[in-house]
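Please keep the structure open while reading.

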Amino acid sequence: MASARSLRIVEQAPNDLDAWWLPFTANRAFKQRPRMVARAKDMHYYTPEGRAVLDGVAGLWCCNAGHNRDRIVAAIQAQAAELDYSPAFQFGHPAGFAAASRIAQLAPGDLDHVFFCNSGSEAVDTALKIALAYWNVTGQGQKTRLVGRERGYHGVGFGGISVGGIVNNRKFFGSLLAGVDHLPHTYNRAEQAFTRGEPEWGAHLADELERIVTLHDASTIAAVIVEPMAGSTGVLPPPKGYLQRLRQICDRHGILLVFDEVISGFGRLGFAFAAERYGVIPDMITFAKAVNSGTVPMGGVLVRKPIHDAFMRGPDHVIELFHGYTYSGHPLACAAAIATLDIYREERLFERTRELEPVWADAMHGLKGLPNVLDIRTVGLVAAIDLASRPDAVGQRAFEAMDRAFQDHGLMIRVTGDTLALTPPLIVSEEQIGEIADKLAKVIRAVA
């Protein structure tokens, strides 16, 4: 007779994998050999059978405080019992204002207004719309051109993929937004291989913005959007001085600068926002993911005071910005954010990341010399390991590594092309960093 535990596992395991079309997934390969998780706690996922899997990627760059933290779970439960939903159009609720205030306090400079949405993709499209609308309401509506960067990832909305620079995210979806240009990416393996932190080479690449300005004229350019650290493309830390130079060029030509911090925000690089690490104050910051440790969908845009105030004109009863989402500032998401920010502060997780950064870098760079390892990049608690591609099978080696890591070694990693990406929760211990490195070494050898 089956035990109660085995019956519970059977009830939880889906008996039909056909209905769910998984995003950013090789669905046919997955359904032949599923990688299923049923629960999580702190640094681990657990399969339906109960096997522990060490989370080397914080879910999807988002569970920075670890999984199923009691304080966050209790906050979500209490909020659901008190206020399940409140309309964000023409009405508000206390948790929304409290969460916005807490987030604004963490931001540098005068980035003191928050517009909530539900994901990083929505945050990017929101920021782009605010930029266009800002120039419109200030009498410069001809400033409509947007500038992104090659290899940039800014979500999957039409605005985000237009300014983004990852080929497969763009090529299937037509001509996208008109009037978009791109800076070159900042990676050069010959100059930067096996860098710890920010590479010395590459600040001059920001000067390409001057070429774009010369081509189109500053009077037509609304905003530049970049990730301080390009994450999804394979972890490209900014060259020293690069972001500062972008800020100077934007100031010189009256162009808004947007930092997409959906990945780098809330401690991943050792500060609340990467803008603080690099000493650069952008005009807007997009955030999502780790704002509430991935527990409830939430995103937003931090906006500098002069941009916000430019909209606060005309009759008081008239809507200032015709934009928003049904679930903007959802009560459960806001409650989770407040509880998460409490954990970040009380456990000093941002500071802890800075303390662990050299330990992490030593462990990851210790993999240099293993078969097919072409480059390793580390910054904050992030690492990327480039593997040599197999002839006529780009991405296959890394895909096999991801699968073997999960199935055979109890480790969850991410891949993009033939790059392995590691971004553990900020609660990771030094012992667990060593465990991640040991398991990665076995995986890399296994796919040689």
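Predicted model: local features only at pLDDT ≥ 70, side-chain atom pairs only at ≥ 80, totals over all residues.

Residues are numbered from 1 along each chain as its sequence is written, and side-chain values use heavy atoms, with hydrogens and water left out.

**Seven-stranded sheet**

- An open sheet of seven strands has the order β4-β10-β9-β8-β7-β5-β6, with mixed pairing.
- Helices (H or I, at least four residues) and strands (E, at least two) are DSSP runs numbered from the N terminus, and two strands pair if DSSP finds at least two bridges between them.
- At the edges are β4 (111-117) and β6 (180-183), each of which pairs on one side only.
- Neighbouring strands in this sheet are turned against each other by 20 degrees on average, direction ignored; axes are lines fitted to C-alpha atoms, for helices over the stretch in contact, and angles run from 0 to 180 degrees between N-to-C directions.
- Helix α6 (residues 120-137) packs on this sheet and touches β4, β5 (145-149), β7, β8, β9 (284-287) and β10 (299-304), where contact means heavy atoms within 4.5 Å.
- The direction of α6 makes about 160 degrees with that of β9.
- Strands β7 (residues 221-226) and β8 (residues 256-260) pair in the parallel sense over four bridges, and Val-226 has Phe-259 in β8 as its bridge partner.

**Four-stranded sheet**

- Four strands make an open, antiparallel sheet in the order β11-β12-β15-β14.
- Its edge strands, β11 (373-379) and β14 (414-416), each pair on one side only.
- Strand β12 (residues 382-387) runs antiparallel to β15 (residues 419-422), joined by four bridges; Asp-386 stands opposite Thr-419 in β15.

**Pocket and cavities**

- On a 1 Å grid over the protein atoms alone, a cavity is a set of points where a 1.4 Å probe fits but cannot get out, and a pocket is an open set with protein on both sides within 12 Å along at least five of seven lines; lining residues have an atom within 4 Å of a point.
- Grid points are joined across faces, edges and corners, and a volume is the space filled by probe spheres set on the points.
- The second largest pocket holds about 1100 Å³ of space.
- Its lining has 32 residues, with Ala-88, Phe-97, Val-114, Phe-115 and Phe-116 nearest the centre.
- Elements giving two or more residues to the lining of this pocket are α5 (94-106), β4 and α13 (305-311).
- The pocket lining divides into 18 nonpolar, 12 polar and two charged residues, where Ala, Val, Leu, Ile, Met, Phe, Trp, Tyr, Cys and Pro count as nonpolar, Asp, Glu, Lys and Arg as charged, and the others, Gly among them, as polar.
- There are two cavities of 30 Å³ or more.
- The largest cavity, of about 70 Å³, has Thr-186, Tyr-187, Asp-375 and Arg-377 among its lining residues.
- The second largest cavity, of about 30 Å³, takes two or more lining residues from each of α7 (158-163) and α8 (167-170), and its lining divides into three nonpolar, seven polar and one charged.

**Salt bridges**

- The count is 28 salt bridges, each a side-chain nitrogen of Lys or Arg within 4 Å of a carboxyl oxygen of Asp or Glu.
- In one of them, Asp-362 is paired with Arg-196, with the closest N and O atoms 2.4 Å apart.
- Asp-362 lies in α15 (residues 349-365) and Arg-196 in the loop between α9 (189-192) and α10 (208-216), so this pair ties together parts that are 166 residues apart in sequence.
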